[in-house]
Amino acid sequence: MDIDIFKDILVPVIGGLGIFMLGLEFMANGIQALSVNSMRSFLARAAGTPIKGVLAGTLITGVIQSSTAMTVMVVGLVNAGVVGLRPAISVIMGANIGTTLGNGLIALPLGPLGLIFAGVFALVYCFAKSEKIRNIALACMGFALIFYGLNLMTGGLRPLRNMPEVMDLLQTLRADSFGNLLTCVLIAAGVTAMIHSSSATIGIVMGLGSAGVIDWTTAVAFSLGADLGTTITSWIASLNLSKNAKRAAYAHMSFNVIGVAITVPLFFVSIEVLRWAMQWFGGDPGLPVLVDGKETYPLVPVAVGLYSTFFNVFNTLLLFPFVGVFERVLSRIGHTESEDAEDYSTPKFLDRTLASDFARAVPAVQQETVRHLEAGAKFLDIARGAKTAPADPGEHYLATDILSRDIRSYTASLMKEDLPYDQLDLIASLIEEADFTAALTESLHQVARRVKREKFGNEAQAIVEVALNKLDASLRDILPTYGVADPKMPAGHVSYPQVEELRARTLALGPNAGAGERGTILALLGSIERAEILIRRIDAERRSVNRQSVVARAAARKAGGEKPMDFGGMAPVPAE
């Protein structure tokens, strides 16, 4: 029988692979658009302990069907301080189990129906008006395209059995000895690393196995390599992220490398166990079934999916007791003094159980807002290159931004309809102060970024130092415990030049500084000027309401059971 390599093999295989991967992308995008925010919130709440982390990782990855997306989500939460490194490690373990659920779905014999279902859901996607319906249709369309693409690949790979040259080559990839097994595992790992999808690799392997091009034992060996190669994806995803992001990727790599290293020596024993287990899933995967007069092996995908699931569950059970060891080892990778600094992304004083007690909740908000200011002041340490300062201004700003949102959200939750006006006025004042503090932190971030990005000469550096010291002194007006207090000297002996004077000195540098240095200093002075305006606004906001008096009355009212008084829309106590 003559075989047209282009029409009979290349077109269905390449087209099927493309449709298969497009289906994976559509399904992941649709599901994530529907649920990723709620999943992220759920993960932040659920991953409090290693056991909960494994369960949460399994569940969420099983839903969003992307271990890479899951890893990136976990990395973001770790970087933000919402999830600690230890529970994050367990979440990644769970993600390895969750992603195998997709392999089980791929193994379902729904290929011929894939195209019609994809067409139906594509029409729904095109004509639906609701964004929610469109996302559901997108996920379902992707799900259907996975099966159709796999069906195309299986059909395109089947003619390879009639090509002696190809079969002779594939005979060398039979997993019939430890040496050949390692070859199969490494090839599959390399393919997965190149296409960045273990699901796609396993889909190809299932197609080869279903078509009878490779035997089922070799297909299972390739799936083991796919689990190894998928770690490259999470590592690449972490390259431009934080140290904790890299540590999470290293955890993912460590789990799978250790798991494969343990499983390879036990491979042939595990294959016999799988052969025995397959009697409950249809029988011997090595027996062919005639379909339209052609031999197919429909149970190979089932065996591959079952083995992949078993491997990841076994690996998690084996390594779970050593989560603490992983945390200790990984936390030392790239460790610097700056990492011993306080993590400002997680609130320290905001207690949701206090939200119903106004007299206790308000001081908590004030303490957290001061803590936010302290976090903002760290940008000046970054600008000066202090060893204990956060290493990356961007990461630290992300942490302060998360803390700012938590403060605003918590403060807004204190607003109750039955509160008297003076308490509502105080809450509004706290929200405005939190907003000014967030804006001040952003200006301080700009100061740190501009100083870190430019290399200054001696004269330019002197102006920068004076500008930073000036901002230091201004911060003490709203943060008395910050920095070194002014020396006890007569009034007028300690003073700092105005921004206009520093600007004039910068312009007068002339040939003593390059255009880039002068431009950076002028932009820096602009950020400092904005910061000082915000410092004055924060100070004025604190004085706009007699906070101590309002809190004291609220405490007395709660203790004595006094009913709220109606002050007719006026504050009962004048501002300080």
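Is Ser527 buried or exposed, and what is its relative accessible area? In this predicted model, Ser527 has a relative accessible area of 0%.

The surroundings of Ser527 may be described next. This serine belongs to helix α21, which spans residues 515-543. Its side chain makes a polar contact with the side chain of Arg530, at 3.2 Å. When neighbours within four places in sequence are set aside, the residues in contact with Ser527 are Ser443, Gln446, Val447 and Arg450.

The chain as a whole provides the setting for this residue. It contains 22 helices and two strands, and 47% of its 576 residues are buried. Of the contacts in the chain with a separation of 6 or more, 79% join residues 24 or more positions apart.

Two packed helices are described by the angle between their axes and the distance between the axes. For helix α16 (residues 358-384) and helix α19 (residues 458-475), the axes come within 11 Å and cross at roughly 160°. Angles over 145 degrees count as roughly antiparallel, and α16 and α19 are therefore roughly antiparallel to each other. Their crossing is left-handed.

The residues that bring these helices together can be named. From α16, Ala377, Leu380, Ala383 and Arg384 take part; they meet Glu465, Leu468, Asn469, Leu471, Asp472 and Leu475 of α19. By class, this contact of α16 with α19 comprises six nonpolar, one polar and three charged residues.

Notes
Residues numbered from 1 in each chain as written. Predicted model: local features only at pLDDT ≥ 70, side-chain atom pairs only at ≥ 80, totals over all residues. Heavy atoms only, no water. Helix = DSSP H or I, 4+ residues; strand = E, 2+ residues; numbered from the N terminus. Buried < 20%, exposed > 50% of the residue type's maximum accessible area, 1.4 Å probe, protein only. Polar contact = N/O pair within 3.5 Å; in protein donor to acceptor, adjacent residues only side chain to side chain. Contact = heavy atoms within 4.5 Å. Axes fitted to C-alpha atoms, helices over the stretch in contact; angles between N-to-C directions. Parallel < 35°, antiparallel > 145°, perpendicular 65-115°, else oblique. Left-handed = near helix turned anticlockwise from the far one by under 90°. Nonpolar A, V, L, I, M, F, W, Y, C, P; charged D, E, K, R; others polar.
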